[in-house]
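Please work through this model by question and answer.

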Amino acid sequence: MVTFNILVAVALLYVAVLFGVAFYAERRAALGFGGWLHSPIVYTLSLSIYCTAWTFYGAVGYAARSGVEFVTIYLGPTLVMVGWWWVLRRLVRIGRSQRITSIADLISSRFGKSTSLGVIVTLLAVVATTPYIALQLQSVTLSFAVFFNAGGQAWGHEELNGAAIVVAIGLATFTVFFGTRNLDANERHHGIVMAIAVEAVVKLVALLAVGIFVVWGIAGGPAQMLQQIDASPISHWEQDGSRWIGLIFVSGAAFICLPRVFQVLVVENTDERHLHIASWAFPLYLLLMSLFVVPIAVVGLDLLPAGSNPDLFVLTVPLHEGKGGLAVLSFLGGLSSATSMVIVATIALATMVSNHIVVPIWLSLQANQQAVISGDVRFVTLLARRLSITAILALGFVYYRMSGGGTALAAIGLISFTGAVQILPAMLGGIFWRAATGRGAAAGLLTGLAVWMW
């Protein structure tokens with residue numbers, strides 16, 4: 001039996017390993033020996049930032065509640081990578097030629113370096129991402145609670161909130177250390193990208209390991225598993241075609257518009273040719289991530305008591321079967337899914353806040369802007385990013401507290417997705433429609449934000 005203290009020790013050791021990976025990658029890049037950091041494999045794995053706790057934990061819960069509708073969350077980005085690669089290539093080319101540092105910078109630059117548009121996109125991105133950060137904090141605290149409860153004790157709201165605070169502080173520390181150590185002209189973060197690639201492998205291996213155990217270790221093989229699926233209520237869900245189309249569109253649009261995905265897809269891209277490999281390799285990654293979602297959901301519904309949280313079946317099924325080691329691996333996969341999202345999202349948002357809000361305001365307050373030296377701007381920018389990272393994580397924690405820690409992770413994810421896609425019309429209009437105006441883009445963004453918040 002894995003005790004709670006052992007779990008905490010394993011989690012701390014894992015975080016230490018990630019620190020080591022990120023630090024080593026940063027050092028190699030600084031010394032000019034980081035050619036392997038720019039490989040298409042690392043680039044493709046970094047795109048797994050799309051796969052958060054929602055896809056690791058929440059997809060199973062989604063399947064248990066709504067059948068195979070969870071597939072829409074994977075189909076959206078798959079169709080974008082396969083069918084819209086020319087749009088992605090255009091984004092990457094614009095990013096490289098104009099040194100785009102964020103999605104707010106892209107839209108601002110396409111409309112004459114509009115300061116107001118940069119501010120609007122930044123505020124929209126922060127508000128839309130806050131629920132998603134809360135989701136990651138929630139998933140990590142709930143996974144800790146599962147192991148604590150397995151020891152015969154139960155966590156209350158006070159313990160859950162305390163764990164969420166500790167996780168938020170730890171994530172803020174890691175992000176500030178590796179995300180704001182220096183200012184790169186291209187806003188690239190080699191250490192963090194490498195750490196994200198490692199986490200991508202961990203969460204894929206963990207989910208595959210649980211799935212293989214469920215199919216061959218519990219169900220008795222693929223044939224028996226298929227029979228069990230046919231007899232499960234999941235196979236009787238009626239699927240609404242229009243809802244499928246809507247969810248595929250939302251997930252595909254969000255894949256382009258989410259600040260964290262834009263960060264790794266465009267800003268961190270060092271070679272346009274990597275898109276050719278990622279266009280098939282990333283959909284393959286998504287396929288493997290979704291391969292055992294339905295079997296885990298079906299077995300969880302059959303094995304565990306009625307009322308069990310299906311979002312946690314990836315953890316609770318191995319624990320129920322006495323597979324403590326597998327449960328710890330699953331926990332590390334969930335931890336990787338949550339932490340990687342928060343780290344990259346807060347870096348992207350902090351860059352937007354500093355570049356489009358804090359630094360412009362600070363410069364406007366200087367009596368003699370021509371006398372401002374680059375060192376002053378550098379100091380203000382780094383300080384703004386560090387404070388922004390802390391503030392954004394604090395907002396995520398506040399949302400987590402205010403939402404009451406709801407159990408349906410997929411619902412929180414969809415709330416964030418629909419907020420992020422409000423950016424899509426302004427983005428595509430700025431790239432492909434020469435007659436588009438900044439006022440029109442601002443009106444669309446503000447209208448979308450108002451409707452979404454309502």
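Q: What share of the contacts in the protein chain with a separation of 6 or more comes from residues 24 or more positions apart?
A: This is a predicted model, where local features need pLDDT of at least 70, side-chain atom pairs count only at pLDDT 80 or more, and totals for chains, interfaces and linings use all residues. Residues are numbered from 1 along each chain as its sequence is written, and side-chain values use heavy atoms, with hydrogens and water left out. A contact means heavy atoms within 4.5 Å. For residues 24 or more positions apart, the share is 84%.

Q: How many helices and strands does the protein chain have?
A: Both are DSSP runs, numbered from the N terminus: helices are H or I with at least four residues, strands E with at least two. The count is 20 helices and 0 strands.

Q: What radius of gyration does the protein chain have?
A: The value is taken over C-alpha atoms, and the globule rule is 2.2 Å times the number of residues to the power 0.38. With 454 residues, the rule gives a compact globule near 22 Å. The chain agrees, at 22 Å.

Q: Which residues of α6 are buried?
A: Buried means under 20% relative accessible area, with a 1.4 Å probe and protein chains only. By that cut-off α6 is mostly covered, with 7 of its 8 residues buried. Their cover includes α5 (85-97), α7 (115-150), α11 (241-257), α12 (259-267), α16 (324-365) and α19. The buried residues are I103, A104, D105, L106, I107, S108 and S109.

Q: Why are α6 and α19 classed as oblique to each other?
A: Axes are lines fitted to C-alpha atoms, for helices over the stretch in contact, and angles run from 0 to 180 degrees between N-to-C directions. Angles under 35 degrees count as roughly parallel, over 145 as roughly antiparallel, 65 to 115 as roughly perpendicular and the rest as oblique. Helix α6 (residues 103-110) and helix α19 (residues 424-432) have axes 9 Å apart and pack at about 45°. The pair is therefore oblique.

Q: Which residues make the contact of α6 with α19?
A: The helices pack at an angle of about 45°. From α19 come A426, M427, G430 and I431. From α6 come I103, L106, I107 and R110.

Q: Is G430 buried or exposed?
A: G430 lies in helix α19. Not counting residues up to four places away in sequence, G430 touches R110 and F111. Its relative accessibility is 12%, so G430 counts as buried.

How values were computed:
Buried < 20%, exposed > 50% of the residue type's maximum accessible area, 1.4 Å probe, protein only.
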